[in-house]
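Here are my notes on this one, in the order I'd go through them at the screen. Have the structure open while you read.

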Amino acid sequence: MKSKVFALPVGARGLPATFWWIWASILVNWLGAFAGPMLAISLTEGHGHSLSYAAFVVSLLGAGAVAGSAVGGVLADRIGRRATMFAGHCFTAAGMVALGLCQGRWALAVAALAAGFGAASVRPAAQAALADVVAARDRQRAFGLNYWAVNTGTAVSAALAGLLVGYGYTPLFLADAATTLVCAVVVLVKVPETRPEPARGAAGARHGEPGSAPPSAEPASPPFALFVVFVLLVLVFGSVYEQKAAALPVVMVQDGHAPAVFGLLMSLNALLIVFLQLPLTRLVQGRSRALVLLAGGVLAGGGFGLTAAADSTAAFAFTVVVWTFGEMLFAPTVGAVAVELAPAHRRGRYLGLYGAAWSGAAFVGPAGGGRLLDHWGPGALWPVCALAGAAAGAGCALIVRRHTHLRAAAAVREGDGGSPPPTPAPAGSGRGTAPERISK
């Protein structure tokens with residue numbers, strides 16, 4: 001029934017109702033994300049603060065997000081996904097109300113920190129819940145749908161924020177808080193707790209947990225050190241991607257392009273994702289995940305690398321198209337891989353660390369890109385981006401292959417111990433046989 005209601009071109013059949021309620025809450029949350037694009041402007045024009053103070057407050061959103069990802073991941077495993085999502089949404093809403101009503105410098109700073117913390121604490125819990133309820137063979141398209149919801153909501157909310165700001169900055173923040181509370185209500189009323197319980201013994205999760213994917217669909221957990229390397233590679237990719245909002249506008253303006261041209265290119269990026277993310281996700285559904293990650297890293301890094309040779313608006317637009325395709329390949333796939341590298345009973349913690357990598361990239365990327373621009377110029381920055389993006393894609397692909405081999409060895413050991421080998425994945429699942437299932 002639910003798959004008919006959301007008749008999306010990516011092929012939504014087979015996804016459970018709980019997934020769609022979580023997905024709907026994510027979409028509503030980003031559709032109502034009015035405050036983010038207008039925070040710096042509200043602080044300078046609305047409150048009369050300096051640009052440096054506004055930048056400081058905006059940076060506190062990122063600092064809060066790093067902490068929120070880590071704490072939210074731990075809470076998702078300890079108190080549950082549902083409770084963490086509900087509390088995180090309420091905390092975020094309170095921060096948004098404070099940003100809209102407070103006047104003092106310290107009060108605004110604390111409010112920004114709280115808003116960033118609350119928003120990020122929801123993400124590992126939501127991702128863990130999605131992984132709990134969606135079968136392993138469907139996770140890549142599920143995360144593709146999730147990525148589409150985030151980007152579509154971001155594009156729409158940015159446009160709506162420009163209209164709503166005519167009524168003042170305070171109503172803008174209050175509207176953001178109201179939509180966030182709607183998400184909290186949806187989670188409270190419609191989303192059951194999905195956290196699997198630790199099994200008694202070696203198994204990672206209790207068999208038959210209601211609402212969870214079948215235990216046979218869960219891959220063996222890799223060494224934690226391998227996951228840490230994976231997270232660091234995601235940090236590298238995210239730092240390259242952050243150049244779209246850090247170095248790219250600076251370089252374009254220095255080359256004589258108007259800021260409005262950069263705005264049009266960001267609209268191109270958003271439109272490509274809105275219209276092509278779902279068909280592209282369906283296209284790569286049956287492909288090796290290692291190859292998809294490699295292609296995503298090479299295209300994203302290469303797109304930014306080509307910026308070194310761009311001079312006209314058309315040339316810059318071409319580079320945006322290239323790295324946007326890399327983004328659309330890499331981001332949903334790497335999220336699905338992160339889920340499957342995490343043991344079920346520690347999924348929240350692992351995804352909290354994974355989320356912290358993206359939040360950290362929002363700091364490392366602009367800081368590193370700015371330093372390269374200052375000391376060596378665009379001629380050094382863009383080739384570094386090309387190499388870093390390709391290296392991140394290749395590294396993630398190697399980790400996927402390594403995990404495949406670990407799972408194959410575990411399957412052989414199970415066979416030697418008298419247990420049946422893993423059941424092959426259904427045709428068209430995008431994973432091949434069970435030892436290859438782990439292949440954004």
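This is a predicted model: local features need pLDDT of at least 70, side-chain atom pairs count only at pLDDT 80 or more; totals for chains, interfaces and linings use all residues.

1. Start with how H2 goes past H6: the crossing is left-handed. The axes of H2 (residues 17–31) and H6 come within 9 Å and cross at roughly 155°. An angle over 145 degrees counts as roughly antiparallel, so that is the label for H2 against H6. On the H2 side the meeting residues are Thr18, Phe19, Ile22, Ile26 and Trp30, and on the H6 side they are Arg123, Ala126, Ala129, Leu130 and Val133.

2. The mean pLDDT is 83, and 85% of the residues score at least 70. H12 does best with a mean of 97, whereas H1 (residues 2–5) has the lowest confidence, at 39. Two stretches deserve a flag. Residues 200–219 sit below 50 and have 34 contacts beyond near neighbours in sequence; residues 418–440 are also below 50, with 62 such contacts in the model.

3. Now the nonpolar cores. The largest has 51 residues, and Phe230, Leu248, Val334, Tyr354 and Trp382 have the most contacts inside it. Helices giving it two or more residues include H6 (105–133), H9 (224–241), H12 (289–305) and H14 (347–375). H13 supplies the largest share, eleven residues. Apart from this core lies another, of 23 residues, with Phe19, Ala125, Val134 and Trp148 among them.

4. Which residues does tryptophan 382 touch, leaving aside its neighbours within four places in sequence? The list is Gln243, Ala247, Leu248, Val251, Phe304, Gly305, Thr307 and Ala308.

5. Three of those, Ala247, Leu248 and Val251, take us to H10 (residues 247–254), where Ala247, Leu248, Pro249, Val251 and Met252 are buried. Just after H10, glycine 256 has a positive phi of about 95°.

Terms used. Residues are numbered from 1 along each chain as its sequence is written. Side-chain values use heavy atoms; hydrogens and water are left out. Buried means under 20% relative accessible area, exposed over 50%, partly exposed in between (1.4 Å probe, protein chains only). Helices (H or I, at least four residues) and strands (E, at least two) are DSSP runs, numbered from the N terminus. A nonpolar core is a set of buried Ala, Val, Leu, Ile, Met, Phe, Trp, Tyr and Cys residues joined through side-chain atoms within 4.5 Å. Contact means heavy atoms within 4.5 Å. pLDDT is the predictor's confidence in each residue, from 0 to 100. Axes are lines fitted to C-alpha atoms, for helices over the stretch in contact, and angles run from 0 to 180 degrees between N-to-C directions. Angles under 35 degrees count as roughly parallel, over 145 as roughly antiparallel, 65 to 115 as roughly perpendicular and the rest as oblique. A crossing is left-handed if the near helix is turned anticlockwise from the far one by less than a right angle, and right-handed if clockwise.
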